[in-house]
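This report describes how the parts of one protein chain are arranged and joined. Please keep the sequence and the structure in view while reading.

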Amino acid sequence: MTMNQFVLRPYRGADEGALITLWNATLTHDRINAATFRTKVLLDPNFQPAGLLMAEADGALFGFVLSLTRQTPLFLQGLEPDVGWITAFGVHPERRRQGIGRALFDAVLGRFAALGRQRVLISPYTPNYFIPGVDVTAYPEAIAFLEAAGWRSVSQPISMQADLIGFCIPQEIVALAERLTTEDICVRGVQAADLPALMPFIAQTFGWDWYRFAQEYLSELFGRGSDEICFLVAEQGGQIVGYCQARRERFGPFGVIPEARGRGIGRLLLFVCLSEMLAKGFHCAWFLWTGQDAARLYALAGFRQVRQFAVMRRDL
Ligand SMILES: CC(C)(COP(=O)(O)OP(=O)(O)OC[C@H]1O[C@@H](n2cnc3c(N)ncnc32)[C@H](O)[C@@H]1OP(=O)(O)O)[C@@H](O)C(=O)NCCC(=O)NCCS
């Protein structure tokens with residue numbers, strides 16, 4: 001397809017270096033290297049070259065959109081046949097406002113429509129999203145571009161970070177742990193003996209994406225072994241009621257079953273995990289995605305907001 005002087009075409013293997021350079025010039029707050037590109041894009045089971053559309057002129061790349069539809073189900077989550085995702089896009093700073101972005105999006109949305117998709121989301125695609133949505137501070141042009149094309153913001157997740165230097169479990173959390181002990185609730189490191197109950201617990205309570213994430217960390221922990229992983233379970237009367245995971249500085253996810261919420265179990269998991277992270281030598285903790293409600297809990301542990309996203313949606 002030719003748009004004025006531009007050609008839109010699918011990704012080819014030889015584009016890798018030029019595409020990464022373009023990606024890093026456009027997605028300035030979400031730069032990647034070849035290893036990330038290969039593992040999170042090329043080796044994603046849902047990757048199709050036709051979904052990674054390139055805008056080319058005179059043999060050089062000026063724009064791209066990475067779009068996905070499920071080719072394989074995420075465990076039992078199904079193929080989600082009415083949804084398409086866009087996880088990254090950009091037009092070279094010197095070639096903006098020339099209609100390249102619009103041409104790329106028209107082509108991608110046309111492909112989604114031909115594939116029977118009814119709605120498109122930027123960019124909560126599991127497992128290989130890069131950021132939850134458009135970073136409203138880093139990429140104001142993208143917000144303007146999308147709003148002009150009829151996209152709307154459907155949620156506003158935030159990313160937070162905490163400095164762990166000098167982090168201590170406060171006295172009130174120590175008292176909370178003691179109180180929970182009297183209710184037969186404790187927080188402790190995961191053991192292999194937990195796995196038969198833990199894995200179905202995670203899948204049933206929190207869904208297949210959290211299962212996949214836990215499986216990845218636990219495979220490292222119980223496989224070749226890792227001192228970079230913290231994995232805690234909360235137990236009440238011998239039953240698992242919650243868990244928490246972290247790898248290096250990246251915290252989460254963590255969760256407590258709905259029936260056991262509101263009693264401080266999540267708070268205890270969070271503080272114990274942060275304390276273990278510091279003891280492993282990690283000086284900060286961060287995560288990419290939470291809502292405003294959980295943000296209050298995180299703030300108690302010293303987290304502050306570092307990024308604000310807009311999950312964008314467009315119905316076809
Ligand atoms: C968002 C982006 C891809 C737009 O690409 P582009 O090729 O400049 O977009 P187009 O020229 O096709 O713009 C189409 C319409 O969108 C709107 N638009 C685009 N950029 C805009 C801006 N900076 N301010 C206001 N409106 C804008 C306009 O309505 C424009 O039409 P017009 O030029 O006729 O007024 C580009 O700004 C970019 O690469 N930004 C950085 C990367 C990024 O933020 N990616 C998303 C991260 S999740």
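## The interface between the domains

The model is predicted: local features need pLDDT of at least 70, side-chain atom pairs count only at pLDDT 80 or more, and totals for chains, interfaces and linings use all residues. Residues are numbered from 1 along each chain as its sequence is written, and side-chain values use heavy atoms, with hydrogens and water left out.

## Domains and buried area

Domain 1 covers residues 2-130 and domain 2 covers residues 166-282, with bounds from an automatic or database domain assignment. Seven residues from domain 1 and six residues from domain 2 take part in the contact, meaning heavy atoms within 4.5 Å. The centres of the two domains, taken over C-alpha atoms, are 35 Å apart.

About 570 Å² is buried between domain 1 and domain 2, and carbon and sulfur atoms give 70% of this area. Buried area is the accessible area (1.4 Å probe) that two parts lose on being put together, summed over both.

## Salt bridges

How many salt bridges are there between domain 1 and domain 2? The count is zero, whereas a search of the whole structure finds 20. A salt bridge is a side-chain nitrogen of Lys or Arg within 4 Å of a carboxyl oxygen of Asp or Glu.

One of these joins the side chains of Arg38 and Glu16, at 2.7 Å from N to O. Arg38 belongs to helix H2 (residues 34-42) and Glu16 to helix H1 (residues 16-26), so the pair ties together parts that are 22 residues apart in sequence. Helices (H or I, at least four residues) and strands (E, at least two) are DSSP runs, numbered from the N terminus.

## Paired strands

Strand S9 (residues 158-163) pairs with strand S14 (residues 284-290) in the antiparallel sense over five bridges, and Asp163 stands opposite Cys284 in S14. Two strands pair if DSSP finds at least two bridges between them.

S9 is also joined to strand S15 (residues 304-315) by four bridges, again antiparallel. In this pairing, Met160 stands opposite Gln305.

## Backbone details

A cis peptide bond joins Gly252 and Pro253, with omega about 0°; Pro253 is in strand S13 (residues 250-256).
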